[in-house]
There are 2 protein chains.
Amino acid sequence: MNAHILTIGDEILIGQTLNTNAAYIGSKLIELNINVCKTSVVGDNEKVILNEFKACFDKNDLVVVTGGLGPTHDDITRSCVVKFFNTELVMNDDVLKDVNQIFSKRGRIVTKVNEEQALVPKIANVIRNSLGTAPGIWIEKDQKIFVVMPGVPFEMKEMMDSYILPKLNEKIGVPEFVTGRINLQTTGIPESYLYERLGDINELLNGAQMAFLPSQYGVKLRVTATDKSSDLVNNKLSEIEQKIRNKVGRFVFAKGEETLEEVVGRLLKERELTLAVAESCTGGNIANLLTNISGSSDYFERGVVSYSNASKVEMLQVNEDTIMEHGAVSRSVAEQMAKGIKSISGTDLGLSVTGILGPTGATPGKPIGVVYIAICDNITSIVKKFLFGEDRILNKQRATQAALDMLRKHILGIQQDE
Amino acid sequence: MNAHILTIGDEILIGQTLNTNAAYIGSKLIELNINVCKTSVVGDNEKVILNEFKACFDKNDLVVVTGGLGPTHDDITRSCVVKFFNTELVMNDDVLKDVNQIFSKRGRIVTKVNEEQALVPKIANVIRNSLGTAPGIWIEKDQKIFVVMPGVPFEMKEMMDSYILPKLNEKIGVPEFVTGRINLQTTGIPESYLYERLGDINELLNGAQMAFLPSQYGVKLRVTATDKSSDLVNNKLSEIEQKIRNKVGRFVFAKGEETLEEVVGRLLKERELTLAVAESCTGGNIANLLTNISGSSDYFERGVVSYSNASKVEMLQVNEDTIMEHGAVSRSVAEQMAKGIKSISGTDLGLSVTGILGPTGATPGKPIGVVYIAICDNITSIVKKFLFGEDRILNKQRATQAALDMLRKHILGIQQDE
């Protein structure tokens with residue numbers, strides 16, 4: 001089954017909004033072994049939309065469209081669907097009930113534009129929307145499927161998960177060939193070094209495929225294999241994974257889509273360890289990522305964003321003289337911050353970060369990008385110095401990732417790089 | 001000038017990576033009044049790439065491609081360019097120097113795969129890459145422009161800003177019609193309410209166009225006008241802006257792309273106010289956003305992520321009995337947290353957030369989504385209760401946005417909604 005993902009909206013085209021919808025839909029379709037051939041974005045223009053509908057529907061078995069179903073005048077996708085399939089709009093009572101319910105739940109009055117959301121193309125199956133007012137549209141014609149969902153990401157996701165994916169899965173049945181993928185996420189090693197360490201790629205892969213996906217968080221390795229059964233695919237992938245781990249294993253922090261903060265959270269939970277964090281330059285980013293995870297209150301006790309020197313002294317027991325002598329960005333202050341936050345919190349582990357992210361703040365001997373990260377437990381403390389780049393936000397993300405990876409290695413007893 | 005933005009890479013197609021490049025390029029091209037007609041994504045497949053090159057180059061004056069220029073075997077864009085333009089690869093000495101310099105700066109050895117990055121299509125002008133090893137490609141043929149950049153976002157951005165945009169600007173000269181846009185960012189009011197409050201849209205716009213762009217952060221209003229001169233466009237846009245502000249002004253937190261944390265930071269700086277933040281459920285997200293801004297140490301003094309009850313009592317002077325009596329998620333605790341963080345920090349303002357983000361943690365009378373936000377200054381303190389939705393991450397973002405908007409209104413003396 002070949003698929004095209006189409007996103008409608010000027011805001012995506014002109015870059016005001018990131019196209020997270022196409023990414024989500026793509027990731028879910030390939031899990032069903034659907035071949036995503038192309039994704040495209042067009043603006044809120046009837047002629048362009050109708051042309052794109054035709055091009056996509058001619059060339060594919062499945063077209064998934066998002067965007068332009070809202071209640072305001074700039075939402076024209078529904079009327080384009082009506083024209084393209086030569087059908088008409090009819091009022092759907094179930095949807096009207098849904099719309100009324102959503103507003104009454106929030107204690108708000110239903111307006112006329114909201115009620116009009118219950119008008120749906122006659123030819124379509126309606127996909128109810130439990131999170132918003134615009135219903136989704138499912139049309140089957142000429143052995144092909146044409147699906148339209150609202151552009152609001154969480155509404156779209158709910159429809160994908162509860163309706164579209166189960167229905168597609170049913171239609172597909174058992175395929176002749178199976179494609180499987182694994183992702184191994186590495187951090188702390190540049191792409192070209194990783195590439196060289198892996199040696200002869202063709203020998204390693206033995207017919208499978210591998211992609212290197214670098215970002216400020218590290219390099220993701222995606223291995224793809226195709227064979228006649230899931231078992232054969234899984235065996236092949238396991239074999240390759242083992243070979244990769246033998247060569248660069250300690251840089252691999254996760255298999256699959258688990259984030260580094262999820263890995264660290266899981267490790268802390270498994271080992272019943274608690275953590276407190278003192279952040280200077282990362283400004284709360286580490287605490288923020290750790291607390292994105294439900295259940296993090298089991299291991300994350302507290303955090304301090306000690307942006308001022310006074311806060312380092314008052315809240316983290318950092319010695320004022322040490323700041324005077326070595327500066328707030330120094331090995332000694334990092335170590336005292338980690339020890340201080342651990343001591344006042346009574347946790348098993350203390351983590352701290354202090355650095356200069358830029359664009360301003362460099363001093364002689366301390367360029368932009370210099371960051372110290374410290375970890376301490378009941379027995380020992382370690383401090384590492386890093387030199388990142390010039391960009392403030394990238395540096396924040398890199399420092400956060402490096403701190404979490406130091407923590408991962410520390411918990412697992414893996415040697416830290418120097 | 002009609003443009004197509006093409007992104008190459010399986011990781012984008014299958015949703016492992018968000019297409020931030022297309023968004024950035026789109027936003028920059030429309031600033032030059034270039035008409036971005038469509039964006040598309042295809043995978044790392046030679047036949048598909050060559051077909052897409054042809055389709056894009058036939059229909060547009062400008063094609064901007066990113067992705068697939070890296071050093072590893074899965075990067076095939078450069079060889080596709082060579083085939084498409086029927087040219088060959090030649091070694092470029094300047095690029096070779098750049099590559100060597102990047103590695104020596106970081107104290108690393110240049111490998112053979114890195115050196116091969118200096119091979120460029122003979123037909124092309126080379127775009128030097130100051131942040132990475134893959135050079136960009138600029139080709140002019142048949143009065144059309146074909147540009148290729150690496151997929152790594154910060155390398156691509158640097159090339160856009162320093163080379164491509166200035167060069168495109170030169171080529172375009174003075175256009176016959178000018179299109180202008182303004183964005184007014186609102187928060188704290190649902191899309192349909194905003195729509196109704198604005199009244200007759202056609203009368204309001206008088207020939208201009210408007211789009212409503214909702215997200216968890218609020219609704220962005222984008223107004224677009226076209227006329228014969230910049231002056232005429234700007235007059236029209238100013239007039240519409242004034243009308244919108246008259247109707248829904250207090251919900252408008254920014255014009256343009258300024259984020260709410262930037263607005264709050266600017267206001268604090270202008271008024272020489274300092275701020276300390278105590279976060280429970282937002283887990284450091286507010287501190288993180290505020291410290292993303294360079295210069296934030298002028299006004300952001302410190303933050304505490306008081307995840308445990310002990311940390312609220314020990315670090316924020318919250319009364320233990322109040323927690324016992326009302327619970328950690330309550331109006332009283334929120335107020336004490338704001339007063340506590342202000343008092344220990346000696347700042348002009350204290351901000352606090354406590355709530356239940358889900359998916360677990362609901363108690364009788366306190367459903368998931370309930371959040372209390374408090375602000376205090378030297379004279380007064382205010383606490384507001386919010387009821388957000390079911391999703392943990394969305395709730396974190398909504399609570400953060402609501403807290404920052406309360407702060408904005410407080411500083412500007414705008415009445416808070418009840």
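A residue is classed as buried if 20 or more other C-beta atoms lie within 10 Å of its own. In the predicted model described here, A:Leu29 has 24 other C-beta atoms within 10 Å and is therefore buried. This residue belongs to helix α2 of chain A, which spans residues 20–31. When residues up to four places away in sequence are left out of account, A:Leu29 touches A:Ala3, A:Ile34 and A:Val36. Between A:Leu29 and A:Ile375 there are 346 residues of sequence separation and a C-alpha to C-alpha distance of 41 Å.

Burial was also examined along strand β15 of chain A. This strand, formed by residues 349–355, is mostly covered, and seven of its seven residues are buried. In a regular strand, side chains alternate between the two faces of the sheet. In β15(A), A:Leu349, A:Leu351, A:Val353 and A:Gly355 point one way, whereas A:Gly350, A:Ser352 and A:Thr354 point the other way. The residues of both sets are buried.

Strand β15(A) pairs with β13(A) and with β16(A). Strand β13 of chain A (residues 275–279) runs parallel to β15(A) and is joined to it by five bridges. Within this pairing, A:Ala278 has A:Ser352 of β15(A) as its bridge partner. Strand β16 of chain A, comprising residues 370–376, is instead antiparallel to β15(A), and six bridges connect the two strands. Here A:Val353 stands opposite A:Ile373 of β16(A).

Key: Residues are numbered from 1 along each chain as its sequence is written. Chains are lettered from A and ligands numbered from 1 in the order in which they are written. This is a predicted model: local features need pLDDT of at least 70, side-chain atom pairs count only at pLDDT 80 or more; totals for chains, interfaces and linings use all residues. A residue is buried if 20 or more other C-beta atoms lie within 10 Å of its own, exposed if 12 or fewer, and partly exposed in between; C-beta atoms are placed from the backbone. Helices (H or I, at least four residues) and strands (E, at least two) are DSSP runs, numbered from the N terminus. Two strands pair if DSSP finds at least two bridges between them. Two residues are in contact if their C-beta atoms, placed from the backbone, lie within 7 Å.
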